[in-house]
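Hi everyone, thanks for coming.

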Amino acid sequence: MRITVNPDAQASAEFGYAAPGEYTLRIKKVEQLQKQGSEWAYLKWTFEFADPNVKAVEEGKSVGNIFENTSLKPDAQFRLRDLCEALGLTWGDFDTDQTVGQEVTVRLGTEMYQNKLSNKVESFVK
């Protein structure tokens, strides 16, 4: 199969970060993963900004997805509980598939990741 490519395409997307503050995010995807060598799984949450007009601090860049991991280890589920309560869920068993598309308000900060500033969820707003 012959593929026609754009000769001006970038090798990788250059995403920026949003200014620290309070934002509404939409859950795009939830994956259950397990770190090699660990007996406990965790959930990797992928969020997108609910408002498509959120701009990156750096001119010419767009904001990317926001990622958050929550532990499924029984004595370390505090972050998962915070997220569930911010979503309006009663703390208890739930189906992650039913959270996709739901919106949650968060406080975002920034952190260095791979030598670049990126957004980090500081807290979930209930």
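Let's start with contacts across the chain: of those between residues at least 6 apart in sequence, 56% join residues at least 24 apart, where contact means heavy atoms within 4.5 Å. Before I go on, a word on what you're seeing: this is a predicted model, local features need pLDDT of at least 70, side-chain atom pairs count only at pLDDT 80 or more, and totals for chains, interfaces and linings use all residues. Residues are numbered from 1 along each chain as its sequence is written, and side-chain values use heavy atoms, with hydrogens and water left out.

Now the overall layout. The protein chain has 1 helix and 7 strands; these are DSSP runs, with helices (H or I) of at least four residues and strands (E) of at least two, numbered from the N terminus. Following the sequence, you get β-β-β-β-β-α-β-β. The C-alpha atoms fill a box of roughly 50 × 40 × 30 Å along the principal axes. Of the 126 residues, 29% are buried, and by that I mean under 20% relative accessible area, with exposed being over 50% and partly exposed in between (1.4 Å probe, protein chains only).

On to the aromatics. How many aromatic pairs does the count come to? It comes to 2. Rings of Phe, Tyr and Trp (its six-membered ring) pair if their centres lie within 6.5 Å; planes under 30 degrees apart are stacked, over 60 edge-to-face, and the rest tilted. Tyr 23 and Phe 49 have ring centres 5.3 Å apart and planes at 80°, so that pair is edge-to-face. Tyr 23 sits in strand E2 and Phe 49 in strand E3 (residues 41-49), so the pair ties together parts 26 residues apart in sequence. Phe 49 is buried at 9% relative accessibility, and Tyr 23 is buried too, at 18%. The pair formed by Trp 45 and Phe 47 is stacked, at 6.4 Å centre to centre with 15° between the planes. Both Trp 45 and Phe 47 are buried.

Trp 45 turns up again when we look at Thr 99: leaving aside neighbours within four places in sequence, Thr 99 touches Ile 27, Val 30, Trp 45, Leu 87, Leu 89 and Phe 94. So where is Thr 99? Look in the loop between helix H1 (78-86) and strand E6 (103-113). Is Thr 99 buried or exposed? Thr 99 is buried, with a relative accessible area of 1%. The Thr 99 side chain also reaches the backbone oxygen of Thr 96, at 2.6 Å.

Over in helix H1 we find Arg 79. Arg 79 is buried as well, at 17%.

Next, Gln 34, which belongs to strand E2 (residues 21-34). Gln 34 counts as partly exposed, at 47% relative accessibility. A polar atom of the Gln 34 side chain lies 3.1 Å from the backbone oxygen of Glu 39. Setting aside neighbours within four places, Gln 34 is in contact with Glu 39, Trp 40, Ala 41 and Tyr 42. The C-alpha atoms of Gln 34 and Lys 44 are separated by 9.8 Å, with the two residues 10 apart along the chain.

Last stop: Ile 3, in the segment before strand E1 (15-16). Ile 3 is exposed, at 57% relative accessibility. That's my tour, so over to you.

Terms used: Polar contact = N/O pair within 3.5 Å; in protein donor to acceptor, adjacent residues only side chain to side chain.
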